[in-house]
Amino acid sequence: MRTVYPGILLGALLLTGCSFSDGTSVGDSKKMNMQEAAEHADKILDGTFAAIKPTVHWTHGESTQGSCDVSRRRAVMTVISEARRGNFLGVVERYWKSQGYNQIGVNRNTKSPAMYFQTSDEFNVRLLIGDNGQAFFEVATPCVEKSSVSPPTSKTVGPNYAGKSIPDPNVHSDFWSAPTSASPTRSR
C-alpha cells in the first residue's frame, strides 16, 4: 500500500487542469484539443527522459482524462538509491529549467521529495520520488477543446506495465543504484 503525503496532495492540486465557471480556462488561447495536448505532454516526457543520463528504464503509468484536460504519467523502473536521488532530481531540474519551465513548487520531504514546474504553455509537470525510491513523472495539460484521446505511443525502456499494477523499481543501474552519492564531476 502506498502512503499519501501532504506534499503529494498539494502536487495533485497543482497538476489538475484549471477551468473557470464560465467554461474558459488558462490555455484556451492555444486552441489545442485533448488529443493534441496529450501528444504534447508525451513529447515533454520524451524530452525529459532523453535528458536523463545514464538512461533509466521506465513504463507508462495511468493516463487520465478530465472534462477538458489530460494527465500522462510514467514510472521509473530503475532503482534510484537514496544516495543518488539528489543527482536524479538535479538532472531533471536542470533540464526543465533549460527548457524555460518555471518552478511552481517543491516538496523537500526526504521520504518523498518532489518538484513541480509549469511550461510556458501552462502544462504542469511533476517529478515525485515515492515509496521504495520509485520516481513518478506526470504532465497535466491545461483545459483544452474536448476530444477523444488515444493511449500514449512512446516506446518504453523495459516492459510496459500500462493498464496493470506497476511493480516497485527492479532494474539495477551501476550509476543510479549506487549506494554513494556522485560528485558533480562524476554525474553524467
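In which sense do strand E4 and strand E5 pair, and over how many bridges? Strand E4 (residues 102-107) and strand E5 (residues 114-118) pair in the antiparallel sense, over 5 bridges. The model is predicted: local features need pLDDT of at least 70, side-chain atom pairs count only at pLDDT 80 or more, and totals for chains, interfaces and linings use all residues. Residues are numbered from 1 along each chain as its sequence is written, and side-chain values use heavy atoms, with hydrogens and water left out.

**The hairpin**

- E4 and E5 form a hairpin, with 6 residues between them.
- Val106 has Met115, in E5, as its bridge partner.
- Strands count as paired if DSSP finds at least two bridges between them.
- Helices (H or I, at least four residues) and strands (E, at least two) are DSSP runs, numbered from the N terminus.

**Salt bridges: the count**

- The structure holds 5 salt bridges.
- A salt bridge here is a side-chain nitrogen of Lys or Arg within 4 Å of a carboxyl oxygen of Asp or Glu.
- Side chains of opposite charge can pair when their charged atoms come close.

**Arg74 and Asp46**

- Arg74 forms a salt bridge with Asp46, and their closest N and O atoms are 2.6 Å apart.
- Arg74 lies in strand E3 (residues 70-76) and Asp46 in helix H2 (residues 34-51), so the pair ties together parts 28 residues apart in sequence.
- Arg74 counts as buried, at 1% relative accessibility.
- Asp46 is partly exposed, with a relative accessible area of 32%.
- Buried means under 20% relative accessible area, exposed means over 50%, and partly exposed is in between (1.4 Å probe, protein chains only).

**Glu138 and Arg73**

- Glu138 forms a salt bridge with Arg73, with the closest N and O atoms 3.2 Å apart.
- This pair links distant parts of the chain: Glu138 sits in strand E7 (residues 135-140) and Arg73 in strand E3, 65 residues apart.
- Glu138 counts as buried, at 6% relative accessibility.
- Arg73 is partly exposed, with a relative accessible area of 24%.

- Lys97 forms a salt bridge with Glu93, and the closest N and O atoms are 3.1 Å apart.
- Both Lys97 and Glu93 lie in helix H3 (residues 85-98), 4 residues apart, about one turn of the helix.
- Lys97 counts as partly exposed at 47% relative accessibility, and Glu93 also counts as partly exposed, at 23%.
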